[in-house]
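This report describes one protein model with a ligand. It takes up the surroundings of the ligand, then the sheet, the overall dimensions and a few single residues.

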Amino acid sequence: MNRLFKRHVNAIEVNKIPRKILNNGNSIPCIGIGTFGSDLYGPNQVAEAVVYAAEYGQRFFDCASVYTNEKEIGEAFQVILNGGVSRKELFIASKVWNDMHAEGKVIASCEKTLKDLKLDYLDLFLVHWPFPNFHPPGCSVDSRSPDSKPYNHDSYMIVWRQMEKLVERGLVRSIGTSNMTIPKLEILLRDCKIKPAVNEMEIHPHFQQPNLYNFLEEKDILPIGFCPIGSPKRPERDKTELDTVDIEDPVIKDIAERLGVHPAIVCLKWAVQRGHIPIPFSVTPSKIESNLKCVLDSEIKITEKEMYEISKIDQNCRLIKGQVFLWEKASSWEDLWDINGVIVK
Ligand SMILES: NC(=O)c1ccc[n+]([C@@H]2O[C@H](COP(=O)([O-])OP(=O)(O)OC[C@H]3O[C@@H](n4cnc5c(N)ncnc54)[C@H](OP(=O)(O)O)[C@@H]3O)[C@@H](O)[C@H]2O)c1
């Protein structure tokens with residue numbers, strides 16, 4: 001990456017970004033930025049956005065090997081670190097993909113991520129999905145791989161034991177889960193040596209997941225919310241007729257109008273005030289700025305009454321349904337989410 005780090009003239013004061021303390025004593029900034037460019041933005045564009053975000057004061061970056069841009073983001077981190085930002089100021093997360101769940105593979109995946117990101121440790125490493133199921137890039141959302149399997153706890157524990165080893169070896173400071181359900185977490189909590197510090201999950205005003213959210217709070221596991229704005233630019237193949245649009249909700253729009261901000265900002269401020277960590281994606285400088293700035297702007301405050309109103313607009317509308325991870329005998333994508341409180345096998 002042919003670029004020097006140049007602190008933004010209006011950069012926010014990094015030490016004023018509130019941090020949350022995880023159950024292992026480590027701390028995490030109260031907002032991050034996603035790095036999944038999907039079909040829209042290539043690796044270099046996302047890497048440029050990472051540098052720009054850091055120049056503006058962003059310190060938490062949510063990466064993943066499956067986003068196929070970690071090498072370029074590694075170059076971006078070099079620019080940021082060479083520009084005078086200390087490693088300990090940054091909070092860098094990544095995730096092991098579903099094809100690297102076998103014995104030895106989780107550790108190999110983390111080592112590859114560290115090499116690509118040019119780091120010697122990660123602040124957070126997540127199990128991206130609780131299934132070893134994957135699909136070729138670009139396949140149809142309805143296709144089912146004959147190798148796909150329902151959840152298997154013994155297999156998950158093979159993954160988790162390696163996650164624990166990564167902490168013991170000092171390659172990773174905190175470990176966590178993603179796309180989990182209450183019954184899956186219950187048996188993980190029963191069997192783990194190191195409990196997850198976070199669970200990364202879909203959270204936006206139209207998909208609040210109150211039961212899982214309360215469960216996590218009770219167990220002192222911090223929710224990180226993906227698709228915090230309702231992922232308005234996700235590919236058409238990931239949309240269904242029943243999907244609702246958070247930033248078009250009249251309650252969100254009214255609050256945005258009162259505050260003089262884009263409805264996306266209301267979604268983010270709601271997340272921060274509710275207490276979970278949103279990780280909005282953007283490569284657009286003005287959006288990167290407004291997403292971070294709103295956290296510190298005391299004039300952008302959602303009132304208690306408005307927080308209550310937002311709690312009432314939940315549509316239980318899951319956007320990332322996970323169809324491509326279904327096994328042949330599964331009946332529908334809902335099987336991935338244990339909606340009756342029992343692990344679907
Ligand atoms: N753990 C998991 O399984 C998982 C799953 C999905 C996502 N994630 C993570 O979550 C991140 C975010 O998810 P996402 O990208 O799907 O959804 P999102 O953050 O809800 O939506 C991103 C889109 O919103 C637009 N946007 C951002 N800020 C805006 C603003 N202030 N005003 C208006 N529009 C704004 C962006 O527009 P522009 O494109 O114009 O900038 C971008 O295309 C991902 O990048 C990834 O890191 C994790």
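The shell around the ligand is made up of 13 nonpolar, 12 polar and 5 charged residues. In this classification Ala, Val, Leu, Ile, Met, Phe, Trp, Tyr, Cys and Pro count as nonpolar, Asp, Glu, Lys and Arg as charged, and the others, Gly among them, as polar. The model is a predicted one: local features need pLDDT of at least 70, side-chain atom pairs count only at pLDDT 80 or more, and totals for chains, interfaces and linings use all residues. Residue numbers start from 1 along each chain as its sequence is written.

Of the 30 residues around the ligand, the nearest are G34, F226, I229, S231 and F281. A residue is near a molecule or strand if its C-beta atom, placed from the backbone, lies within 6 Å of it. Two or more residues of the shell come from each of the elements α8 (263–274) and α9 (285–296). The element that gives the most is α9, with 3 residues.

**Sheet**

The protein has 10 helices and 10 strands. Helices (H or I, at least four residues) and strands (E, at least two) are DSSP runs, numbered from the N terminus. An open sheet of 8 strands runs in the order β3-β4-β5-β6-β7-β8-β9-β10, with parallel pairing. The edges are taken by β3 (33–34) and β10 (277–278), each with a single partner strand, so one side of each has no neighbour in the sheet. Strands of a sheet pair through backbone hydrogen bonds, either parallel or antiparallel. Here two strands pair if DSSP finds at least two bridges between them.

| Strand pair | Sense and bridges | Residues facing each other |
|---|---|---|
| β5 (residues 91–96) and β6 (residues 122–127) | parallel, 4 bridges | V96 and V127 |
| β8 (residues 198–202) and β9 | parallel, 5 bridges | E202 and F226 |
| β9 and β10 | parallel, 2 bridges | G225 and P278 |

Between β8 and β9 the chain passes through helix α6 (residues 210–218), and this β-α-β crossover is right-handed. A crossover has that hand if, with the strands pointing away from the viewer, the path from the first strand over the helix to the second runs clockwise.

In strand β9 (residues 222–226), 5 of the 5 residues are buried, so the strand is largely enclosed by the rest of the structure. A residue is buried if 20 or more other C-beta atoms lie within 10 Å of its own, exposed if 12 or fewer, and partly exposed in between, with C-beta atoms placed from the backbone. L222, I224 and F226 point one way from β9, while P223 and G225 point the other way, and all are buried. F226 is also one of the residues that come nearest to the ligand.

**Overall dimensions**

The C-alpha trace spans about 55 × 45 × 40 Å along its principal axes. Of the 345 residues, 43% count as buried. Among the contacts with a separation of 6 or more, 75% are between residues 24 or more positions apart. Two residues are in contact if their C-beta atoms, placed from the backbone, lie within 7 Å.

**Single residues**

R59 is placed in the loop between α1 (43–56) and β4 (60–62). It counts as buried, with 22 C-beta neighbours inside 10 Å. Apart from neighbours within four places in sequence, R59 is in contact with V14, I17, P29, E89, L90 and F91. R59 and A93 are 34 residues apart along the chain, and their C-alpha atoms are separated by 11 Å.

Most residues other than glycine have a negative phi. C227 lies in the loop between β9 and α7 (250–259), and is buried, with 25 other C-beta atoms within 10 Å. K118 also has a positive phi, near 60°, and is a residue other than glycine. K118 is in the loop between α3 (105–117) and β6, and is partly exposed, with 15 other C-beta atoms within 10 Å.
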